[in-house]
Amino acid sequence: MNQIKNTLKHLKKVSLADLDQVRLMNRTDQKFCLHINHLPKILEAVQNDYSILAIEGETIFNYDNTYFDTPDDQMFLSHQNGKLNRHKVRLRKYVQTDNNFLEVKFKNNKGRTIKKRIEREGFESVFTHDELNFISNSNKYSGIQLEPKINSHFHRLTLVDKEFTERITIDMFPGFKNKDKEITLNNLVIIEIKQSKAAKPAVIINVLKENKIRKQGFSKYCIGRALLEDEIKKNNFKPLLIKIEKEYHN
């Protein structure tokens, strides 16, 4: 971790207001998974091409999430079964700033991710009347039928390119918890590249390819549940679960 922090010192800093230029609530996503030992080398290779979000001198931030689904796990199964036009509903807490949001994500059949969110007072898993309306208007599921399934947490740093057309999130130490079990993947890093349709190919993609790091789909909600629950359907996630057990779980 110290090596990562030392590398981050060399990146130009941007503010949260600067980052608002590249919110990308309608975007394309590409994800890559790697061992944390490779991260300093990746960051060093892109330090002249990207700036990093800094708030009050901090560049690594803690996130907490609660994911919701129907009692019969329709959202999870849609992803597991490879269906497009699928939704996810979650609460997200930005720990350092104590900001909380209710978010609905939609992955359409053209591979684009569309996110809608509203700010809320706390992190409790109970929806207000206005939040129930927001959920019903944002996806095909009623908020009344949703229930909390798992919690997740991770450390994130956020990069932005010089033209403010792409946003890179780098998540470290992802952890998952339900009422029976908890697991943290201390060696796993998830890099997500978020771009608008017109954006040029991201510089970091070439760096990842040069280091033999390949694109890898990764849903924190689905993988978290697959890791925590023995009986849940997870056939399509098994290659990634085997890789996680072999390379990232200690």
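Predicted model: local features only at pLDDT ≥ 70, side-chain atom pairs only at ≥ 80, totals over all residues.
Figure 1. Val14 has Leu53 of β3 as its bridge partner. Strand β1, residues 12–14, and β3 run parallel and are joined by three bridges. β3 is also joined to β8, again by three bridges, but here the strands run antiparallel. In that pairing, Tyr50 is partnered with Asp161 of β8.

**Figure 2. The antiparallel pairings of β9.** β8 and β9 are antiparallel and paired over nine bridges. Four residues lie between the strands in the hairpin of β8 and β9, where Phe164 takes a positive phi near 55°. β9 is joined to β11 by seven bridges, also in the antiparallel sense, and Asp171 stands opposite Ile190 of β11. A further antiparallel pairing, over three bridges, links β9 with strand β10, residues 182–184. Lys177 has Glu182 of β10 as its bridge partner, and the hairpin that joins β9 to β10 passes through four residues. β9 is mostly covered, with 11 of its 12 residues buried.

**Figure 3. Surroundings of His153.** His153 lies in strand β8. His153 has a relative accessible area of 25%, so it counts as partly exposed. Not counting residues up to four places away in sequence, His153 touches Tyr63, Asp64, Phe173, Pro174, Gly175, Phe176, Glu182 and Thr184. Arg92 is 61 residues from His153 along the chain, and the C-alpha atoms of the two are separated by 9.5 Å.

**Figure 4. The largest nonpolar core.** This core has 28 residues, of which Leu157, Leu159, Ile170, Ile191, Ile193 and Ile204 touch the most other members. Two or more residues each come from α1 (2–8), β2 (26–35), α3 (39–46), β3 (50–53), β8 (147–161), β9 (166–177), β11 (188–195) and α6 (203–210). Another core lies apart from the largest one; it has 22 residues, including Phe176, Ile223, Leu241 and Tyr248. The contacts of Ile204, not counting residues up to four places away in sequence, are with Ile42, Val46, Tyr50, Ile168, Ile191 and Ile193. In soluble globular proteins, nonpolar side chains tend to be buried together.

Figure 5. Within α5, residues 129–138, the buried residues are Glu131, Phe134, Ile135 and Ser138. Viewed down the helix axis, the buried residues of α5 fall within an arc of 95°, so they line one face of the helix. An α-helix has 3.6 residues a turn, so residues three or four places apart point the same way. The buried residues of α5 pack against β5 (86–94), β6 (99–107) and β7 (112–120). The exposed residues His129 and Asn137 are carried on the face of α5 turned away from its buried side.

**Figure 6. The hairpin of β6 and β7.** β6 and β7 run antiparallel and are joined by eight bridges. Lys105 stands opposite Lys115 in β7. The hairpin has four residues between its strands, and Gly111 takes a positive phi near 80°.

**Figure 7. The largest pocket.** The largest pocket holds about 730 Å³ of space. It is lined by 32 residues, and Lys31, His79, Arg86, Phe218 and Ser219 are the closest to its centre. At least two lining residues are supplied by each of β2, β5, β6, β7, β11, α7 (220–228) and α8 (238–248). β5 gives the most to this lining, with five residues.

**Figure 8. Helix α7.** α7 is mostly covered, and nine of its nine residues are buried. These buried residues are Lys220, Tyr221, Cys222, Ile223, Gly224, Arg225, Ala226, Leu227 and Leu228. α7 is also among the elements that supply at least two residues to the lining of the largest pocket.

**Figure 9. The largest cavity.** The count of cavities of 30 Å³ or more comes to one. The largest cavity contains about 30 Å³ of space, and its lining is formed by Tyr67, Lys88, Val89, Arg90, Glu103 and Lys105. β5 and β6 are the elements that give two or more residues to this lining. The largest share, three residues, comes from β5.

Terms used
Residues numbered from 1 in each chain as written. Heavy atoms only, no water. Core = buried A, V, L, I, M, F, W, Y, C linked by side-chain atoms within 4.5 Å. Buried < 20%, exposed > 50% of the residue type's maximum accessible area, 1.4 Å probe, protein only. Contact = heavy atoms within 4.5 Å. Arc of directions from axis to C-beta. Pairing = 2+ DSSP bridges. 1 Å grid on protein atoms, 1.4 Å probe; cavity = no way out; pocket = protein on both sides within 12 Å on 5 of 7 lines; lining within 4 Å. Points joined across faces, edges and corners; volume = space filled by probe spheres on them.
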